[in-house]
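The sequence and structure come first.

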Amino acid sequence: DAAFVRRIYLDFAGRIPSHSELTTFLADAAPAKRRELIDKLLAGPEYAIRMRDLFHVMLMERRGDHPEWFRFLESAFQQNKPWDQIVREILSSDGIDERNAAAVKFFLVRDVAPHQLTRDVGRLFLGVDLQCAQCHDDPRFESYRQADYFGIYAFLQRVTAFRDNDKNVSLVGETAAGKATFVSVFTAKSGETNPRLPGGEMVPDPDVEKDKEYIVKPGLKERGVPTYSRRLKLAELLPRAETQGFSRNIVNRLWAMLMGRGLVHPLDLHHAANAPSHPELLERLERWLVEHKFDLKALLREMLLSQTYQRSSVLPSGVKELPDDAFAVAPLRGLSPEQLSWSLLQVTGRIEQHCDQLAAKAPTNSATQEVSEPSWSVRLKQLEPL
């Protein structure tokens, strides 16, 4: 009881219990006292503040403090908005509509940069870090394809930053043109894609009458507003149960928030070779969330009532200490030395440098000018020692 009451207050009030709260709980002999405390804290005023802080770190990754953004998040949790609605408001915000204007900070802190937004939308909302696939198919994970990266990028490539100096506000605009094309630095093969979410179908642009592509044509003092917005299409299509990874990602992140580690870990590396530690549990939680219309508070309550959350962290007597590699990063266990080196390049931020070197040194066929794909050993030997 002493460990539980401290844990639940830290997790959902952001503080340890007061002396009075602690002694009252410990003296209570009612069998349902834990359930009652869970319900009290989830209904209390500190819940929304705590969730605001946790989701700020999750979505902004410590990119500064933004009072309007904090109010947006806190209000969302006070009203218990469903997760799909919160994400829809974030992705659709341009800073104009007062109902979700503050959510535009998600774009602004990333400088409205399409490539940065592409990576973070994939990581934070779908659980897939496709950064490496910007330059080529990810050599470590078969399912991370360059076409998947640029499918998300196509939704976001037309967004632009706009500064309204008269009102002293930064906003998001959008153009009506722009194609998502890409070239592999390994093979020199090129491609083009319409907007597409991983595992989904391409989304064609609707026919728009010539000279009517804009509601507001972009200019020095005009924020571009196209007749058809790919970004708003992303806000419509991504936050749905049908979208591969959407519900699974948030379930996994909530589990990690409570337990210190995701069922899939790292949190943004969902793929076939990185299986969940408990696949049936993850599937059941995901299904539960969808059936309850993305109610995060209700899902958290289920997790808090579980024996897993309420279990002591002290090993029972007679149980040996866990082995040193018990918490090794699962996706790295089965990788070859070359693939491990490639992972190291990514986490140290040297992937782009390596891609540039590969592009400069890759052999070409003089007749076709096609670049031959180098082997693993050749790729790594072309780079200075790690």
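Which residues in α8 meet which residues in α9?

## Helix pair α8 and α9

The model is predicted. On the α8 side, the residues that meet α9 are P114, H115, L117, T118, V121, G122 and L126. Their counterparts in α9 are Y149, F150, I152, Y153 and L156. Sorted by class, this contact has 9 nonpolar and 3 polar residues, and no charged residues.

Two packed helices are described by the angle between their axes and the distance between the axes. For helix α8 (residues 114–126) and helix α9 (residues 146–156), the angle is about 115°, and the axes lie 9 Å apart. The crossing of α8 past α9 is right-handed.

Strand β1 covers residues 159–164 and strand β2 covers residues 169–174. The two strands run antiparallel and are joined by 6 bridges. Within this pairing, A161 is placed opposite V172 in β2.

Between the strands, the hairpin has 4 residues. N168 in this hairpin takes a positive phi near 60°.

## The chain as a whole

The protein chain has 386 residues, and 45% of them are buried. Its secondary structure comprises 18 helices and 6 strands.

Of the contacts in the protein chain with a separation of 6 or more, 63% are between residues 24 or more positions apart. The accessible surface of the chain is about 20,200 Å², and carbon and sulfur atoms account for 51% of that surface.

How values were computed: Residues numbered from 1 in each chain as written. Predicted model: local features only at pLDDT ≥ 70, side-chain atom pairs only at ≥ 80, totals over all residues. Heavy atoms only, no water. Axes fitted to C-alpha atoms, helices over the stretch in contact; angles between N-to-C directions. Left-handed = near helix turned anticlockwise from the far one by under 90°. Contact = heavy atoms within 4.5 Å. Nonpolar A, V, L, I, M, F, W, Y, C, P; charged D, E, K, R; others polar. Pairing = 2+ DSSP bridges. Buried < 20%, exposed > 50% of the residue type's maximum accessible area, 1.4 Å probe, protein only. Areas by Shrake-Rupley, 256 points an atom, 1.4 Å probe, with all protein chains shown as cover.
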